[in-house]
Amino acid sequence: MGISLRSRWVFLPLVLALGAVSLYFLRLSIIYEAQPHPEDPAPPAKKGPFYKDTHREIAPPLPEYFPLAAKAKSPSDLPPIPSWNKPPEEHVPESTRLYIGFTRFWPLLQQVVVSYITAGWPPEDIYVVENTGTMDANKRGRLTIQNPFYLDYHRLTKILGVNIITTSSLQTFAQLQNFYLSEAINNNLTYYFWSHMDVAVHSHEDWKDFKSFYMGVVDVIRETQKAEYLVDKETGKKGEWGVQFFAYDWLTMVNVETFANLGGWDTMVGYYGTDCDMYARLSMNDYHQPIQDAGMIYDVTTSLEDLEVLYRRRPKKDTETRDTSDRKAGSSNSTTPSPNSPYLDSTEPDTINSTLFHDLKATFEQIQQDKRDDKYRNSWQLRQNGGEGEPYYYDPDGFEKALQMTIEVGTKINEEKWGHRGCNIREAGVKEGDQWRVEHDETFNKRKMVRRWF
């Protein structure tokens, strides 16, 4: 006997109630599973710092690029400079103070100093400005040669005979230029010279009317001091000069009064672009910037394998060397032999405009071309990456990154200052007094190329 239809409907509310209760408890279960519980805590989030992959190979120690200087005990142990480049025995009446700034890569500093000395520049007139930020660490010999900020203080001062001035802290290029200016003012100089450290110089030995590099520079000084210098023949008005360029500013003669009148270099534009600003302001104020030629100046990235070649000596034609028995102990005229006596005894001075000169010239030309072909023309600044644990250590990669960021900021400041992108500031039509007062010109509509300066 079956259940009637009316009886079946009696159970329907009960079935629905049971279904609703089941769904309610299922929902509670899902919510419970989705929530964290004290008895089952979530794993803690990993805390920083999170380190970059900073592994790098430490470059091998730099070779010795001037073995004769390494063995020398005094300046007399070095070969004499080429006779045709020797400066007058009595210093010229004119001041010839030369500043060379240094921050990184000792081999290029040594090379530029030796090249100026062997081109006739008196070493006592050369001032290396140590701008490393390492205080007296180099003077006390506390940095190793693989440290980017290393320089050989003893060799520069006691063997090569030049001067060193150490800045109190690391300075930008513009700050360093104002440091030179300040030094000149404090020493009552009316002009001075400064040089990049990544250059090398030599005299025009193949010119008919030869003058040493140094004496060529002295001639420029004397020219600027003539009463008729820069006098306009039509108006009789005498012009004023701001700088004398030797191969752009690879070597530069600076008029102290002119630069002081313009307020010096803009230190807000620390590196690239600050030269564009300075020289544009000279032009805006009608200061002349003549280009001079006292000798060859090369833009270089590396050192010659042995700087001895700059002293221009060649093997003696007679293979026999002179008797050195008079230097034996007990001899009446004995002297302490030079550690470089074997070299000096087996060589003799070269001659002007020789094959050795043309070989040297070709070598420098190739080094300069290699630098022009290098995508990162200042890659020489990255060849030392040691020094960890030494005084005033700064991570080399971090230093380069910070430098590039500083360069970029300075470039942007210069662009805002003149409302113009590029070094051709004067061509933009601006004049003295327009600084920070002009709107952006059409150069800002062009896509800006990111420049890497190393």
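Me: Buried means under 20% relative accessible area, exposed over 50%, partly exposed in between (1.4 Å probe, protein chains only). Which residues of α5 are buried?

Reply: This is a predicted model, where local features need pLDDT of at least 70 and side-chain atom pairs 80 or more, while totals for chains, interfaces and linings use all residues. Residues are numbered from 1 along each chain as its sequence is written, and side-chain values use heavy atoms, without hydrogens or water. In α5, the buried ones are Phe 173, Ala 174, Leu 176, Gln 177, Phe 179, Tyr 180, Leu 181, Glu 183 and Ala 184.

Me: What do they pack against?

Reply: The buried residues of α5 pack (heavy atoms within 4.5 Å) against β1 (98-102), β2, β3, β4 (191-195), α7 (256-261) and α8 (274-284). Helices (H or I, at least four residues) and strands (E, at least two) are DSSP runs, numbered from the N terminus.

Me: What comes just after α5?

Reply: Asn 188, with a positive phi of about 55°.

Me: New topic: do β2 and β3 pair in the parallel or antiparallel sense?

Reply: Parallel, over four bridges, with β2 at residues 126-130 and β3 at 163-166; pairing takes at least two DSSP bridges. Val 128 has Ile 164 in β3 as its bridge partner.

Me: Which loop holds Met 135?

Reply: Met 135 sits in the loop between β2 and α4. Met 135 isn't a glycine, yet has a positive phi of about 50°.

Me: Is Met 135 buried or partly exposed?

Reply: Partly exposed, at 37% relative accessible area.

Me: And where's Tyr 248?

Reply: Tyr 248 is in the loop between β7 (243-246) and β8 (251-255). Tyr 248 counts as partly exposed, at 40% relative accessibility.
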